[in-house]
Every structure is written in structure tokens, then in C-alpha cells.
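Please read the following briefing alongside the sequence and the structure. The points are grouped by topic, beginning with the chain as a whole.

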2 protein chains.
Amino acid sequence: MNISMLSLQWLLMIFILVSNSVTAATSSRIPRLSPVRGNTFLDPEIFPAPVSEDFQTFFYTQTLDHFNYKPESYATFQQRYVVNFKYWAGANSNAPIFVYLGAEAPLDGDLEIIGFLPENALRFKSLLVYIEHRYYGKSVPFASREAALKNASTLGYFNSAQAIADYAEIIIHIKNKYQAQDSPVIVVGASYGGMLASWFRLKYPHVTLGALASSAPILYFDDITPQNGYYSVVTRDFREVSETCYRTILKSWSEIDKVALMPNGLRILSEKFKTCRPLSNSSELKDYLDHMYSSAAQYNDPPEYPVTMVCGGIDGPPPETDLLGKIFAGVVGLRGNRSCYVNGPKYISETTLGWRWQTCSEMVIPIGRDNTTMFPPSPFNLSSVIEECNQIYGVPPRPHWVTSYYGGHDIKLILERFSSNIIFSNGLRDPYSSGGVLEDISDSVVAVHTINGSHCLDILPANASTDPDWLVKQRGIEVEIIEGWIAKYNADLHRFKQKI
Amino acid sequence: MNISMLSLQWLLMIFILVSNSVTAATSSRIPRLSPVRGNTFLDPEIFPAPVSEDFQTFFYTQTLDHFNYKPESYATFQQRYVVNFKYWAGANSNAPIFVYLGAEAPLDGDLEIIGFLPENALRFKSLLVYIEHRYYGKSVPFASREAALKNASTLGYFNSAQAIADYAEIIIHIKNKYQAQDSPVIVVGASYGGMLASWFRLKYPHVTLGALASSAPILYFDDITPQNGYYSVVTRDFREVSETCYRTILKSWSEIDKVALMPNGLRILSEKFKTCRPLSNSSELKDYLDHMYSSAAQYNDPPEYPVTMVCGGIDGPPPETDLLGKIFAGVVGLRGNRSCYVNGPKYISETTLGWRWQTCSEMVIPIGRDNTTMFPPSPFNLSSVIEECNQIYGVPPRPHWVTSYYGGHDIKLILERFSSNIIFSNGLRDPYSSGGVLEDISDSVVAVHTINGSHCLDILPANASTDPDWLVKQRGIEVEIIEGWIAKYNADLHRFKQKI
């Protein structure tokens, strides 16, 4: 990463912080939508992922605009994909190809955390392919990342329809390249990538036999899902762990506001929460807590269960501890003993920048909060989002396009006699499950959920010693369903080839 | 139409004629793909269609580019649609909406020739909607037709993916506007419009319940259908009517060449065929005959059956008549007694100009001829097409995109467990049926064909006194199938609403 790129990022961050302070629940407040755990998406150039020797990296010369024939649409870029041949039965074997569809991050991180692919590869003798999403990682059009993210004119090609068209082209290319024309393809995606996986099966059934869409909130568009779905689940997660913990958090927001208004209030809060730098306003603290609770709920993984860790902290201190002292104990409960908290150095990742554009153009996910959650009310305000995005990029979002192109309304009615072979997997403790498909739509468009699961947990690496039974069972069901699809396909293929 | 527009058309025509003379079977040789009978597509500004009082015209403010977020993608244009309310059961009645998807022509002509819609409207109490295809008729982006057709930069948005996205937006708009959110939508299309109808059901199942795709050669892409499929059927049509007629035509091409090479050869041919102007080369005559035979086969409608008319002419003269005299008698048999033939004034229609772009960008239909047809061999040459299109427009076609985006290879294998509710109707005497779906794919993705039918005959106006039984029966089957879809949908809707 060069200097000018860093300065662009900081410039944008300042812009983001400024915009955040004037608007309510706008696009910048949409919780991250990714299988990746941890505080930030790590930049692979700064934190390179450990890369297994089994992975081979390739680049495909990709068309910039699949849906336009203007001369500039013919521009190309190098799109990265990674192949693992280790388990594959080989050319002309008809062994399946499992394709992980990259999402809003560089591909590097995914190679290690998508356990579902390598863990089932031996069983299926499958080829494993990972494709990076355009505009992330090493798959950036135009001369540089800086040029690609410059403005709406260069960002315009950065959307889901173009991305899944990229995937179609690369999969067709791979099937030809490795003489695997009759190999069934199973696409796997997680979170935003899970949406892409299910949409890919809907739009390109001729390229993929089926899709595993993990924690894909495809119904969190327009008014299909209630706006406070996300934060209702966060609230329920905390309440289920501890009613007192929930009540403490509920009361804490006004207490923070009250202290902040006192003389030296911000200094008192800064000391109380051991902030790395003096707080410049109380929102800085509230946003930090907000994000911490949401992340704890979304990534509430066994065996530690972050929500339990936070509530263990909050409920732990002696009864005489004051309200904010308990909240701080919750922070320490999750983050452990550190020299300081709340506003440490913040790394602005590729994902932050890229996803900001995506949520400002196409992926308008109306998450808001009424007065029934443990958070301060903050209704989703579409006109604020439109205004904010217009200010940043000079073009407004198209908030209804996702449902126009992919559907979503009355999904059971629409798809029960159309489509097949999609698994929508969810963990009901994941706040994004509120926008997921939680009921079977047909015999083969099915919902597999766990009551205690978290975001994308099923496709993360298995851990024999700590994975609970329900998780092992969920993964087993998914594998069995996919085996069923492949068996039917092979029978169909056999009949089909005999007939020709 | 203004003067500058006319001059643009003539300029393009000259270009076309010049290009034709240097290349073999290139995109300009693809037979027209339309339900419209007659020699040309009539320009509505010159030949306005008689418009029934039942039709009301509306314009929708349409997005120029659905798949890009560049500032210029947000440009809009007025897209025409026409509604017939006469038979409709009204708002909130859940009565169906039949939507005719416009194809490569102004909508005006379609309003009268699509008999299928009004003739079944009373039975279904349906709303009838006709939507014009972008870049045709009154639905032209940019300041004028001249500006829209200027070059690849303005033509780039002119493709099928954008067109069906337009249809989705307008249908969603109409359902909201007329409180018909739960009304099932059936899309109907013919020829290229039939492809659009079937692709629309595949890509937008949430917007349409089903599709009637009449004479849609969706398999005439890449190498799915043999290149000489089209002309093989033309040949078979003639041979079935008369073996001597077929033989006469087969021998005529070399005879024309032979005469053309004689001193005064072109004058002899011009006199023999009573050409309106002296022939400037023999291709002018051969192209005319080629086109006449193909059209006769494609539009071989009852009760006259043009192929029978041509062969009646060819086989009619006394045995001593020379070969070319017989061929000329075939021309007169079809065209009747006229003052002159072959090269009369030629009107360059919107369709000619628009379809030329479409076949030069996306709709690359590889029709060629080997030495097994009654025509001179003329293999399809993809590199010539690419070169020619690049010369005209400055950008090459994307010949594999249709199968990448819509599929087509192994269609039965792919769709037998995916998709539903598509009727592929064909008449086997239509040369384009060679690229059609002629076998059922599943219970509800079905092929309905007639042995004797011609191009798009089923959706043309019924004629009780002349329609043969097989045609009446074909139409009846189509209506019954659609009734079945709607009945199932209504039952599903009932269950679905009860559950909510």
C-alpha cells in the first residue's frame, strides 16, 4: 500500500466520521456482514494470511461490464482465483467442484477460515476453487485501487450482478480448462457471500447445481423484514443469557448521556472506561459499546460465547458497583485486561471502504431500532441514507433494485414451484438470521438452522474437541443434502448421456 | 422521421450493402426473427397501425443502465407501454395480467397481430399489457433516434439483459399502480421476443408466473444447434411440397452464375426476372431468391402456404421451359403479377438497423449452410462476423455471452429440476424451430409443437374459417396449460395468505 492510498483512506475515514455524527441510522451503521471474526478485516498486504501449499493462485482476464457494449465496457481486469487440487478425482471424472464465492474482503483470509471446503473435499473427491470478488484484494479494475475507488464513475461497475456474472465466467472457464464440463458445481458463500451464492443458483442454474448460503439475510431488503429485526435478536441474545445484564445495558445509555453532560463529564467517562485517548463526545463511547454488543451477538461462537463473556463481566462486580462500572466490567470481560480501551488506533480496511460503496449503491439493508431493544432508538431513515450517499459519491442508492432483480417478497409462494437445490443455513442467535430464510421453501430449497448458532458458524473450520453436537449435526445435514443433489444429478446425467 | 435520420439510414444501408458484398455468411445474413409477416417492418410514422380504442398508451421513466452506478447510468428515457383494460376483472381481483414483451420492432404493429392476448382475455378476465423494447419505436434513449444509434457508446445499453430488466421494472410498477400485487403475470413473446419471454421467466420468476415463448430459437447459440439447421428445414419444406421444385431450385444457382458470366449475362438475367433496375451483379438476384425461399418457409401459413405457392409456380410451366424460366415462375407464383421484381425500392426499417446492432453485439446466431441444403454452401464464419461488426461499430460481438447468461447447453439436464411454467411453442416447418425446444423438459416446462406450423403462428389472430384443426388444437393446449398454472397459483396463494 502506498502513501497516497493511505491518505485517501484517512480522508474517507474523516468523511465517514463527520457524516456519522450528523445522521442517525444510515448506511454506515449497518453491522458488518461477513464470516470473519475479530475486530477488523485485516489487510493482506499488512497481515498476510498463512497460505497452504495446496493452494495455487491464478488470474482470469475478466470483462469490466458484462451488461453493456460501450467501448469502455470491454476493458478487462485480472481477477484472482485460487485452486486446491489436492483432493480432486481429476479431469473427466465428473467429481464435483466446490466453489467459494468471495465477498466483501480480500480472498486471502477466506482460504483458511472456510473449513467446509477442505473438510469435505476428501469425501467428495472435489476440486476446490475460491474466487475473489471484484474490487477487493488483488482483483481490482483500473490502474490501481486508488483509481478504482476514486468516484462513482469508476465504482459504478462494483455491484452484485456484475460480481456473479464474473463468477459464471470463471467457473465456465475452469470447467473447460480442467476438462470438467460434466462436473457438478456447488457454490458456497457466507453472509453477503451467502446471498451471492443463493442468487447465483437462482440466476445461473446452468453453471451451478446447488448453493450453500450460510447466514445470508436475503430478506433484509425493502420492507420484507422488520427494521429492528437485527437489534431485536441482539437484545434477545443478551436477555437469554442474563436478565440483569440486559437491564444494566438498557439503562446505561441515558447514564452515559447524563455523565457526559456533567462538568468534566467526558473526562470522567474517559477515566471510567480507560480510553486510549480522551473522548471527544459521548457517541464515541456509545458507538463502541453498540458495536461490541452487536458483534458479541453476531459472532457468539462456542466454546467461549462472547455474549456470556460480556454478561459475565457486567454481572460480576459486587452489587455496590455503579452502573457504568458494571458496563466497563463487561468490556473487560470480553476484551480482557488491556492498557486502554474504546478508541485505540483504528485500521480502515478495504472492506470498510468497499462495503460503504456497496451499501450506498445497491445493498441498502434497512436496519433500524425502535424503543423495544436494549439500544437507544434509532429508526432507519431512507432519505438520510440517500442524502448521505449522494453526498459521498454523487449518486443516490437504488434501494429497491435488489428485490427487483433477485426477488424476496413472498419468497415461499414464488419459489415453491421454481428453483431447487439451495440450503439456507442460519444460527438463530445471529442477529442477521432475522433477515434469513428460516423455513423450507420446497423439497430442495431448504432451511437448516440451529437455535444456538452464530453468524456463518457452519462453514468455519470444525473443532472436534469444542464443537457442540448441534453444530456437528448441522454440518452433517448440509453434507447429506449436497450428496443427495449430486446423486440425483449423476443419475440424470447418466440418463441424459445415454439418450444422446 | 426527419431528413438527417433518413440520410443516416441510407448511409448505413450503403455500408451494409458494401459489407455484404465482401463477406460470406455473416450477421447480415441471419434471417429476420419476428412474428411480423410481409416484406418489411413498417415504420409506424410512415404507416401508422390502426389503433383500437381499447388501447391506452403510457410512458414509464426507465433507467438507462440497470447494472451500473456510474452517473450516466442514472439517465432515464421514456419507455412506452400500452394497456387494454376492457376485459380486466379490476383492482384486487387477482385476475391475471398478460404481458406481451416487445421485440425488435416498434410496438405499434404488435398491438393488432398478437391475437393470443385479446382472444383469451375474456376467458381469463385479464389485463392486457404490451411493452415496447428499448431502442425501438417511441422508447428510444438519448435525445433522438439518431443520437441513440450513433455509435457503440450510445448503443452499448441496447441488449437483452437491460431489456428484460426494463420489463421487470414496468411490470412491478403496473402491479402497484393498479393494485394488482397478487395478480399472476403471464408473459408472451414471439421469435426474439419469445426468447425474451422464456429468459424472463428464468431470471425473474418473482415477476412472472409463466411464459409462452412462441418460436423462440433459444438453442441457436454457440454450437448447440448445427449451423445448417435453419436451411435444412427450408430445404425439407420445399422437398416435402415437391421434389421437382426442390431439384429445380438446387440446380438454379449454378445456372444463374453461368448466365451471369456470359456476355450481356446480367442483362439477360435482368430481362428474364423483369428486375426493376438492371442487376449490378448476380448476388443481387441470388440474395433475393434466397430471402424469398427462406421467408416462404418461415412464414408458410395457412391457408395459402407460400412454399406451395412458390413450387406451384416453379412446377407449373410447360416442360420445355428453361430452368430460370421456372424459377421466375416461382417468383410470380408467390408475388403475383407485378410490373417488376427483385430490386424494387427498399425501405430500411428500424428493425433492420436495430437488429443489425443486436446480432453484432449479443445475439450472434450461427446460421450457415453446408452442401446438404438446396442453397449454395455458405458456412457461418465467426471471425468474419467479428471483423465485420468491429468494422461497423468499433466493438466486437460477445458470441458466448448468451449461453453464459441464460444457459442453453444440456438444457434438459439443467432445467428438469429447476424452473417451471414455460411453454415453448413451435411449428416444425418454421426453419427457426431447428433451434427451438422441441421436447418437454419437465412437467411444466413443456414443448408444444405442430408438424405443419410456421413461425409464431399460434399467437397470431385466429381465423375461424381458415385455421386448420391442428392450429386450433395447439392454441387450446396452450390456454389449458396456462389455466393450470393459474389454478395452482391461486391455490398456493390461498394457502400462503391463510398462513400469514
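Chain A has a radius of gyration of 23 Å, which agrees with the value near 23 Å for a compact globule of 500 residues; the radius is taken over C-alpha atoms, and the globule rule is 2.2 Å times the number of residues to the power 0.38. This is a predicted model, in which local features need pLDDT of at least 70 and side-chain atom pairs count only at pLDDT 80 or more, while totals for chains, interfaces and linings use all residues. Residues are numbered from 1 along each chain as its sequence is written, chains are lettered from A and ligands numbered from 1 in the order in which they are written, and side-chain values use heavy atoms, with hydrogens and water left out.

**Chain A overall**
- Taken along the principal axes, the C-alpha atoms of chain A fill a box of roughly 85 × 50 × 45 Å.
- Chain A contains 18 helices and eight strands, which are DSSP runs numbered from the N terminus (helices H or I, at least four residues; strands E, at least two).
- Of its 500 residues, 61% count as buried, where buried means under 20% relative accessible area, exposed over 50% and partly exposed in between, with a 1.4 Å probe and protein chains only.

**Nonpolar core**
- The largest nonpolar core has 236 residues, and F238(A), L289(A), Y293(A), F238(B), L289(B) and Y293(B) touch the most other members; such a core is a set of buried Ala, Val, Leu, Ile, Met, Phe, Trp, Tyr and Cys residues joined through side-chain atoms within 4.5 Å.
- Leaving aside neighbours within four places in sequence, Y293(B) is in contact (heavy atoms within 4.5 Å) with residues including F238(B), W253(B) and F375(B).

**A buried loop residue**
- I218(A) lies in the loop between β6 (210-214) and α8 (229-241) of chain A, and counts as buried because its relative accessibility is 6%.
- Not counting residues up to four places away in sequence, I218(A) touches M195(A), S198(A), W199(A), I411(A), F424(A), G435(A) and V437(A).

**Backbone features**
- The peptide bond from P302(A) to P303(A) is cis, with omega near 0°, and P303(A) lies in the loop between α11 (282-298) and α12 (306-315) of chain A.
- In chain B, a cis peptide bond joins P302(B) and P303(B), with omega about 0°.
- Q179(A), although not a glycine, has a positive phi of about 45°, and Q179(A) is partly exposed, with a relative accessible area of 41%.
- N421(A), also not a glycine, has a positive phi of about 60°, and N421(A) is buried, with a relative accessible area of 7%.
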